[in-house]
Structure formats: structure tokens, C-alpha cells
Amino acid sequence: MEPKKITKINGPVIIATGDESFAMHDMVYIGVHRLLGEVIKLDGKSATIQCYEDTSGMKIGEEVITTNAPLSLSLGPGMIGSVYDGIQRPLKMLEEISGPFIKKGVQISSLDEQKKWHFTPTVSIEDTVEYNFILGTVKETESITHKILYPNHQSAKILEIAPEGDYCINDTIAKVQFPDGQTLELTMVQKWPVRTPRPYKQRLQANIPLLTGQRVIDSIFPITKGGTATIPGGFGTGKTMLQHQLAKWCDADIIVYIGCGERGNEMTQVLEDFPKLTDPRTGRPLMERTILIANTSNMPVAAREASIYTGITIAEYYRDMGYQVAIMADSTSRWAEALREISGRLEEMPAEEGFPSYLPSRLSEFYGRAGRTLNHNGTDGSVTIIGAVSPQGSDFSEPVTQNTRRFVHVFWGLDRDLAYSRHYPAINWMISYSEYISNLENWYDKNAEEDFLVYRNKIVKLLNEENELQEIAKVVGQDVLSDSKKLILEICKCIREGFLQQNANSEIDTYVPLLKQYKMMKLIVSIYEASDTLINKGIPMSKIKEIGFFETYPKIKNEVANIEMAKIDEMEEQYLDSLDKIAEEYKEVL
């Protein structure tokens, strides 16, 4: 059979023709340098291939050899703390082999095959195991225990199990026998195709919040474990900074950070900063529960397209162990641009703004792999996806933002004006929303306060009223507004500056527990309602302002430590007493 040979080269898109049989999504080695590629189209004897490496210097007539397997990841101990490119090649090892620039055709193991791991078995001989049952454990880092999962979908009986000790990832740690008598030796590593979602036993309702310590998120627009969110925003609005903050403070067990098509200097900052960060939960380095996938804008576009699937597959693998995993994808716009470039080279019919017509379905497939699940081994885990979108000129009507909005349940829209006025996070409360509020009612009742959502809804209502009043004030001026309307403007100014705005560089304000958020909401709503009652009785706004609350409230976030929350209750009591005294003073007059 004549092997397939290159007949056309168009950037990362290769056409190979010959008698050899290829299958869709097969991984192939292209040319004399054996560059890695993937079959994306078949037409008779011709195969269209997207190459994951630089094709410069490649010639017509060079051979293409199939691996007869799809693009798959090696999943096993050693991934935590690693920095990979878009197709799971460890960048640190690549640098040792090829220097600062990646050489063509470098084939390297994704995991360290020489390192020994201490394996502790959790099954015994004669035990029956099914898909994803835990065979044993390995201490991957001080923060994460890696569970070695049985990878076969057919149940089997344990014939041999390695005793507790130190083993390399490719050493045999178990031998199983299937009902038909065939046997299989198992190692600590399993292969999984990136475009195939990993199965689970049952999908659970997303009704547990992913707590981030960010007030505007946890209290106003919450996300759940297993939920989906998008952060759209133009250049300079703080998308990356917000994702860094979420990665550091959210209560997920494992963080998978995907730098998809970002600028090299921005990814360098991530790679330099993350190893220095301390995990606030354990006091150890944050990298002990983080995996970074770095695919910068100067890397091949096909690898950028694959990086999203690499990240989600790794996340699903740890989900199957019972971990809560959060994915930070920065940014899906660059991923969509990679789809557009490859689609253009394939001469496909473009849709809106040149993006391929299958952009919505690809976004749907990606965000559809999020979720909270009950696994076959009895554990429950989750994959939460938070994807940044970079619309040109902050235009939220462009296709990537609009299509992403269709498939996510939380929308944190970043506002350029807020960012330029140094209001961070620059989440615009008028265009943002969360569809998980109703899912979380019972959780807030049991784990926070029964009236948590009552105060949250009152604050949202006040912000909406302020927005309407601001439009009126622009026309007629604030002076002509009634005192009750002026009160709303003053209270909402406090909400914006004292509650929604948060300082990531402040030791106190960088992370705020949910109870403190509740007390801050309760304080400002209580003062508003008491003040509004007085105004309705004829007491002027100027008198209410004399109690000093409007100057004090914005300072709470920086001056009241998280362990001093009782001070907020004292302040509420103090200011309500002051308002009562004003009422007594005016009682006789009125």
C-alpha cells in the first residue's frame, strides 16, 4: 500500500494523498521532522491535516504516517505543578532539550517516566473493579493525593496488586482478569482522547457555590461548583487579573489555567507569579494544586485550538477522583480566532465576521463538559469553567461573546469606564447576571443566613433604581430630586465604593468570607430602610447625613479585619441609635 505523501501545504493545513487508510481525528507524523498533526477531513484518498507545529521548510512529497489513534493525553501522577504547551508537552523539559525556542518534531513524554512515586494499594486480590474504581493512591503533592483509577469500561477481577512501595509510572501496579479469561496489566498512566468527554455515573444539580471571597461575585452574581461563567471585557478591563484572583482564592481543590493565544509577556507574568503565590488554605505554594497550559499567540494556531480540550480533559480526570476543579480559560476569543484561521485555510463557507458556522456548537461542546457529577467510584467531583472573552473594542455584540452567552449561566461583563476609574473588579452590575440564584437558595439558608438572598435582592433593586435616577439627574440635576431619591443615590454610592469595589492588594480586602459579606449587606440595607422611614416622616436628608455613615461605610472593607466582624454589628447598632435620636428630636416638631 502506497503511503500518503504531502501534495499541498497551506500554513498549518496539509493535504496528503495516497492509498494508506486514515481515520478522522487520527494523530499523524508529518514529513522528515515527524511533526505532529491531526486528520480533520477525509476525501477519497486525500486527507486534510492540521499540523500542531511550524510547517516552514516542509516540502511536497514528504511522507505522512498515521498512529491509528486520536490525539490523547497521558494522565497520571506528575501533572500537578507542571507547565504544558497546548498538546501536553512539558515546557520545562522542552527548554532543556531545544533551548528557548522549541525545535521541530521534538517528541517528549508528558510525564516524568524516571521519577518514583510511593504507591499505596486500596484493593485486594479477588476484588472486582469497575470503570474508574480506585486501585491505589499516590501523594502527588502535599495538597493533592492522586488516585490511580481503573481505566477499562469492562469490569474485571484483581489477579495481582503491587504491595505498598515506590514505583515509576510505567511499572505494573496491578493485573486484572476479564470474565472471558483475558488478562491486562495496569500501570499508573492511562491514555484518553481529548475530544471525548470522560463518562460519569450521574450528573448532579449545581447547587453548591464556588466561593471566591470576591463580594460582587459571591453575594451578587454567584457561580456554583460545576457551573459555567464568562468574563467578557475589552483590553485593560482586568480579565486576567480577575482570573488570577479567582485562581488564588476560590475554594476549588485544583486549578487548571489555560493561557490560550495570550501575549507572551502576559503568560510570562503568569508563569512567574503563580509559583510565588501561597495557597491561603494550606500555606504552601499554590502550584501544588495548579496545572498551567501555556499556548502563546506566537505558537502554531492548531495547537491553540487543541489547548482548550487538553485543559478540560485534565480537569475531568481529576474530577473523576472526587476533586472540585476550576478551569480558567484565557481567552476563548483567541481559540475562536484559531478556528477561524484554520476554517479559512480549508476554504469553508464563513459565517458572521468570518468565524466558521460551527463556532456555536464547538463552544457548546466545551462549556457542556462542565458540571458536578457522581462518579462510578462513589465520589462526587466537579468541573467549573470560567472563560474570558476579549471582544474587540468592548463590543459585546460580536459573535464569540454572543454565542458564549448562550451556553453559560453566569455573565460577568467588565466595563471599560469602571476599569479606567479604578473600580475593580470592573464588573458592570447593570449588564451582569447569574442564573444560579434559585439553585443556591437552600444552600444559603443552611450555610449562611436565612435572609442572605433577601438583602442581596434589596441591594440589586437599589442599584437598578440608582441607574434610573442617574438618567433623570443628567437631565434635570440632582438638586431637584426629592430627599428619598437623594438617599438612594447616597446609599448606592456607598454600595459601589464600599461593597462592589474590592482591593486585591489589601491584606484585609483581597478575600472576604461570606459571613462578613452578609453583615456588610445587612448594615447598609438596615441604615437605608431606617433613613427612608425618617425621610418619609419629613426629616431632611441633610440631618441624616450628619450621623457620618456615608463617610464611614466605604472604609469598612479596609479597616475591619475578617476576624473582627462583630464590629460591623456594633456599627449597625450605633448608627440605628443615632437615627432613633434624630427621630426623637423631630418628634415634637413634626
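Start with V194: leaving aside its neighbours within four places in sequence, V194 is in contact with L71, S72, L73, Y309, T310, T313 and R369. Keep in mind that this is a predicted model. V194 is found in the loop between strand 17, residues 190-193, and strand 18, residues 202-204. Is V194 buried or exposed? V194 has a relative accessible area of 1%, and the cut-off for buried is under 20%, so V194 counts as buried.

Next, the cores. The largest nonpolar core has 88 residues, and those touching the most other members are I386, W412, I491, I495, I524, F549 and Y553. Helix 13, residues 514-536, gives the most to this core, with 11 residues. Take I495 from that list: not counting residues up to four places away in sequence, I495 touches I459, L462, L463, L500 and I524. There is also a second, separate core of 77 residues, and V194 is in it, as are L73, W117 and I293. For a sense of distance, V194 and K493 are 48 Å apart in space, C-alpha to C-alpha, and 299 residues apart in sequence.

The largest pocket holds about 1400 Å³ of space. It is lined by 48 residues, and the closest to its centre are P90, L91, K92, L94 and I102. Which helix gives the most to this lining? That is helix 1, with 6 residues. By type, the lining residues divide into 21 nonpolar, 14 polar and 13 charged.

Note on methods: Residues are numbered from 1 along each chain as its sequence is written. This is a predicted model: local features need pLDDT of at least 70, side-chain atom pairs count only at pLDDT 80 or more; totals for chains, interfaces and linings use all residues. Side-chain values use heavy atoms; hydrogens and water are left out. A nonpolar core is a set of buried Ala, Val, Leu, Ile, Met, Phe, Trp, Tyr and Cys residues joined through side-chain atoms within 4.5 Å. Buried means under 20% relative accessible area, exposed over 50%, partly exposed in between (1.4 Å probe, protein chains only). Helices (H or I, at least four residues) and strands (E, at least two) are DSSP runs, numbered from the N terminus. Contact means heavy atoms within 4.5 Å. On a 1 Å grid over the protein atoms alone, a cavity is a set of points where a 1.4 Å probe fits but cannot get out, and a pocket is an open set with protein on both sides within 12 Å along at least five of seven lines; lining residues have an atom within 4 Å of a point. Grid points are joined across faces, edges and corners, and a volume is the space filled by probe spheres set on the points. Ala, Val, Leu, Ile, Met, Phe, Trp, Tyr, Cys and Pro count as nonpolar, Asp, Glu, Lys and Arg as charged, and the others, Gly among them, as polar.
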